[in-house]
Structure formats: structure tokens, C-alpha cells
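Visitor: I have a model open here and would like to go through it with you. Can we start with the surface and work inwards?

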Amino acid sequence: MIHILVVDDDKNTRRLLKAVLESEMYTVHTAENGEDALAVMDREHIDLAVLDVMMPKMDGYEFTKLLRENQNNLPILMISARQLPRDKHKGFLVGTDDYMTKPIDEEEMLLRIKALLRRAQIVNERKIVIGDVVLDYDSFTVKKPGQMQELPQKEFMLLYKLLSYPGKIFTRIQLMDEIWGAQSETGWETVTVHIGRLRRRFEDWEEFKIESVRGLGYKAVKCG
């Protein structure tokens with residue numbers, strides 16, 4: 001799953017961009033300014049930022065400059081109402097990867113994002129490969145030579161999330177919010193049930209396993 005951070009001080013713009021990006025199956029986080037964006041990045045793994053220029057507290061230029069000074073190569077698509085060449089030049093000078101002017105053409109934005117992700121060598125095939133095991137997000141299958149499991153959607157998304165970040169601990173609440181949605185009325189116990197099903201499905205597979213971390217949650221571990 002690819003995580004995109006939308007940073008804009010306008011609530012309606014954040015809401016629109018979030019909807020557009022989620023329609024393409026990206027996981028979207030939002031922030032109102034550069035300072036809030038840094039806080040989000042402390043909590044979440046982010047693959048790309050869509051960044052407004054003019055914001056209070058810390059604007060897009062400052063945010064980008066700070067990241068680059070700290071050797072952070074996060075792909076950044078800068079978006080601004082400013083259309084003068086000098087404004088674009090400043091964006092590229094501080095380290096943005098691409099620059100678009102408002103009003104935004106949504107289709108063009110999506111194409112630019114895909115190009116940036118390819119350039120950043122982020123896997124865009126929606127697959128995870130672990131040794132001979134392949135998780136295919138488009139078919140909800142996990143397969144290796146001679147074996148294939150076709151999983152229910154939630155089970156697959158849970159396993160895909162864990163194996164996207166092997167070794168990273170996720171709390172039940174984090175997994176619940178991401179897979180079932182923050183507004184879901186289903187209890188976090190559902191995560192425990194699905195983890196149990198995944199363990200039974202793959203108990204004889206030697207390539208990976210799901211571990212419980214006492215008092216914290218779960219993590220996936222690559223084996224061998």
C-alpha cells in the first residue's frame with residue numbers, strides 16, 4: 001500500500017485531494033501545514049507528499065528545504081496558485097520533484113504522482129515478493145510454486161499491510177482503522193480473529209510468520 005501525505009491549509013482542498021487519491025487505492029494522510037506534516041511523518045511511513053506552497057506556520061518551501069537538508073528524499077509534488085516562473089524556480093531550488101499550478105487537473109496530478117513513484121522505485125505493481133512467495137493485491141492471492149491461497153479481502157489487506165513493513169509493530173487499533181476504517185463499528189477483537197485465521201492458513205509456510213508483541217500488537221517477520 002502506498003501512503004500519500006496531502007498538506008494544504010484549505011480544508012476543502014484536503015478533502016477533495018483525499019477523495020481523488022483514495023479512489024486510486026492510495027492510503028491518504030492529511031496535514032494543515034508543514035509543522036503538522038512533520039508530526040504525521042513521525043507517526044506514519046509516507047511514500048510521497050502532495051504539498052501546497054502558501055501555508056501558515058511552515059510553508060511548502062520551508063518544509064521541502066528542511067527535508068532535503070536532513071537528507072530525506074521523499075518524493076514531493078508541490079501545488080500552488082502561484083504561476084510565475086520565479087515561484088516554480090524557487091520550488092525546484094529548495095528540492096521539490098515536481099510542480100503544478102492551481103486549478104489542478106486531477107487526471108494530470110495522478111499521472112504525475114505515478115511517475116514520481118516510479119522514479120522513486122516504489123513498487124507500483126501492487127505485489128510483494130518474499131523469496132518464492134508472491135502477494136498479489138489485484139487478485140487477493142498469496143502463492144508460491146505448487147501452492148496458492150485466495151484470501152477474503154480483509155484477511156489479504158491485513159497480511160499485505162504487515163508484510164509491507166516487515167518487523168514494524170502495528171497496534172490492533174492502527175490495523176483496525178486502516179483495514180476496516182476509523183468509523184467502523186466493528187471491535188478491535190476482529191483483528192485478533194483475522195490474525196488467527198492467517199496464522200492457521202500459513203502455519204506451514206516457512207517464508208514468513210506473524211508474531212504477537214505482548215502489550216503492543218503484531219508484526220510480520222520474514223524467515224530464512
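Guide: The protein exposes about 12,100 Å², and carbon and sulfur atoms supply 47% of that area. Keep in mind that this is a predicted model.

Visitor: What share of the residues is buried?
Guide: Buried residues make up 45% of the 224 residues in the protein.

Visitor: And what box do the C-alpha atoms fill?
Guide: Taken along the principal axes, the box is roughly 60 × 35 × 30 Å.

Visitor: How many positive and negative side chains are there?
Guide: There are 33 positive and 37 negative side chains. The centres of the two sets lie 2 Å apart.

Visitor: On to secondary structure. How many helices and strands?
Guide: The protein has eight helices and 11 strands.

Visitor: What is the strand order in the five-stranded sheet?
Guide: The order is β2-β1-β3-β4-β5, in an open sheet with parallel pairing. The edge strands are β2 (27-31) and β5 (98-101), each of which pairs on one side only. From one strand to the next, the twist averages 20°.

Visitor: Which helix packs on that sheet?
Guide: Helix α3, residues 60-69, packs on the sheet and touches β3, β4 and β5. The direction of α3 makes about 165° with that of β4.

Visitor: How many bridges join β3 to β4?
Guide: Four bridges join β3 (residues 48-52) to β4 (residues 76-80), and the two strands run parallel. As for a residue pair, Asp 52 stands opposite Ile 79 in β4.

Visitor: Which residue in β2 is the bridge partner of Val 6?
Guide: The partner of Val 6 is Thr 30.

Visitor: What about the four-stranded sheet, parallel or antiparallel?
Guide: The pairing is antiparallel, in an open sheet with the order β6-β7-β8-β9. Its edge strands, each pairing on one side only, are β6 (127-130) and β9 (147-150). Neighbouring strands of this sheet are turned by 10° against each other on average, direction ignored.

Visitor: How many bridges join β8 to β9?
Guide: Four bridges join them, and the two strands run antiparallel. Val 142 stands opposite Gln 149 in β9.

Visitor: Now the backbone. Which peptide bond is cis?
Guide: The bond from Lys 102 to Pro 103 is cis, with omega near 0°. Most peptide bonds are trans. Pro 103 sits in the loop between β5 and α5 (106-119).

Visitor: Where is Met 25, and what is its phi?
Guide: Met 25 is in the loop between α1 (11-22) and β2. The phi of Met 25 is near 75°, a positive value in a residue other than glycine. Most residues other than glycine have a negative phi.

Visitor: What is the phi of Phe 140?
Guide: Phe 140 has a positive phi of about 55° although it is not a glycine. Phe 140 lies in the loop between β7 (133-136) and β8 (141-144). Phe 140 is partly exposed, with a relative accessible area of 22%.

Visitor: Which residues is Leu 110 in contact with, leaving aside neighbours within four places in sequence?
Guide: Those contacts are with Val 20, Leu 21, Glu 24 and Tyr 26.

Visitor: How many Å apart are Leu 110 and Leu 175?
Guide: They are 26 Å apart, C-alpha to C-alpha, and 65 residues apart in sequence.

Visitor: One overall figure to finish. Of the contacts with a separation of 6 or more, what share comes from residues 24 or more positions apart?
Guide: Residues 24 or more positions apart account for 54% of those contacts in the protein.

Note on methods
Residues are numbered from 1 along each chain as its sequence is written. This is a predicted model: local features need pLDDT of at least 70, side-chain atom pairs count only at pLDDT 80 or more; totals for chains, interfaces and linings use all residues. Side-chain values use heavy atoms; hydrogens and water are left out. Two strands pair if DSSP finds at least two bridges between them. Axes are lines fitted to C-alpha atoms, for helices over the stretch in contact, and angles run from 0 to 180 degrees between N-to-C directions. Contact means heavy atoms within 4.5 Å. Buried means under 20% relative accessible area, exposed over 50%, partly exposed in between (1.4 Å probe, protein chains only). Accessible areas come from the Shrake-Rupley method with a 1.4 Å probe; for residues, only the protein chains shown count as cover. Lys and Arg count as positive and Asp and Glu as negative; His and the chain ends are not counted. The place of a charge is taken as NZ of Lys, CZ of Arg, CG of Asp or CD of Glu.
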